[in-house]
Amino acid sequence: MKIVLLQFVTLDGVSQAPGSPDEDTSDGFTRGGWLVPHIDETFVQRTSEWLDLADGLLFGRRTYEAFARDWPKITDPADPYAERMNALPKYVVSNTLTEGTWHPTTVLNGNAAQALAALKARPGRELQIHGSARLADALLAAGLVDTIRLAVAPTLLRTGRRLVTGPGATSGLRLVHHEATPNGLLLLEYDTTGQASQGAYEGVAAFLQEERAP
């Protein structure tokens, strides 16, 4: 299976509390709910298609506990996500949980990198990280993420927890799909390519000559 990161972010990289003002108020954050005004039919259709590719869901403890509290309560058969979210296997990386309440759940204790490497070796399509920004950042730094899918909201918050923070290895990315929704969300898909490349700019002419070289 591939490990695929799905994340909603603002244009300045904030991933905290996209769904409502009280979703995550840690560190005094008061600007949650920033994604909601931009949700449209295209966004719902694409994110539903993304979920169709999942053979499992991967969470950090905090996101898991929030999802385990809320998703089982969504029983409307018309909801585009709930039936699959509730039915898919869940894996939660935690050294404090001993069992999950949102079935079926497997708790991954101990060496998370080893456990996830074993999951990646299993046959299947995608093991998707939903939310769980701290876990996502750690897996990116460890080179375990294969694909990143982002919904970028046209807003700048200037505060809040960002998806990628602190030290760690760089990540090179290759754009494989991009789309703008009617309400201004950018839907971006990248494959990871190892560490980010670097170069020295020596003028437009030299740059174009290098680009045109066979």
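Which residues does UniProt assign to the feature "domain: Bacterial bifunctional deaminase-reductase C-terminal"? The UniProt record, an unreviewed entry, places this feature at residues 3–187. In this predicted model, the chain over residues 3–187 is 25% helix and 24% strand, and the end C-alpha atoms of that stretch are 18 Å apart.

- Eight strands form an open sheet with mixed pairing, and their order is β4-β3-β2-β5-β1-β6-β8-β7.
- The edges of this sheet are β4 (105–108) and β7, each of which pairs on one side only.
- Neighbouring strands of the sheet are turned by 25° against each other on average, when direction is ignored.

**Strand β2 and its neighbours**
- Strand β2, which spans residues 54–60, is mostly covered, with six of its seven residues buried.
- On one pairing, β2 meets strand β5 (residues 126–130) in the parallel sense over four bridges, and within this pairing Leu57 has Gln128 of β5 as its bridge partner.
- β2 is also joined by four bridges to strand β3 (residues 90–93), again with the two strands running parallel, and here Leu58 stands opposite Tyr91 in β3.

**The β7–β8 hairpin**
- Strand β7 (residues 173–180) and strand β8 (residues 186–192) run antiparallel and are joined by seven bridges, with Glu179 standing opposite Leu187 in β8.
- Five residues lie between the strands of this hairpin, in which Gly184 takes a positive phi near 95°.
- Within the sheet order, β8 stands between β6 and β7, while β7 is one of the edge strands.

**Helices across the sheet**
- Helix α4, covering residues 112–120, lies across β1 (2–10), β2, β3, β4 and β5, and runs at about 135° to β4.
- Helix α5, covering residues 133–141, lies across β1, β2, β3, β5 and β6 (147–153), and runs at about 105° to β2.
- The mostly covered strand β2 is thus among the strands that α4 lies across and also among those that α5 lies across.

Conventions:
Residues are numbered from 1 along each chain as its sequence is written. This is a predicted model: local features need pLDDT of at least 70, side-chain atom pairs count only at pLDDT 80 or more; totals for chains, interfaces and linings use all residues. Side-chain values use heavy atoms; hydrogens and water are left out. Buried means under 20% relative accessible area, exposed over 50%, partly exposed in between (1.4 Å probe, protein chains only). Two strands pair if DSSP finds at least two bridges between them. Axes are lines fitted to C-alpha atoms, for helices over the stretch in contact, and angles run from 0 to 180 degrees between N-to-C directions. Contact means heavy atoms within 4.5 Å. UniProt positions are given in the numbering used here, feature names are shortened, and annotations may be inferred rather than shown by experiment.
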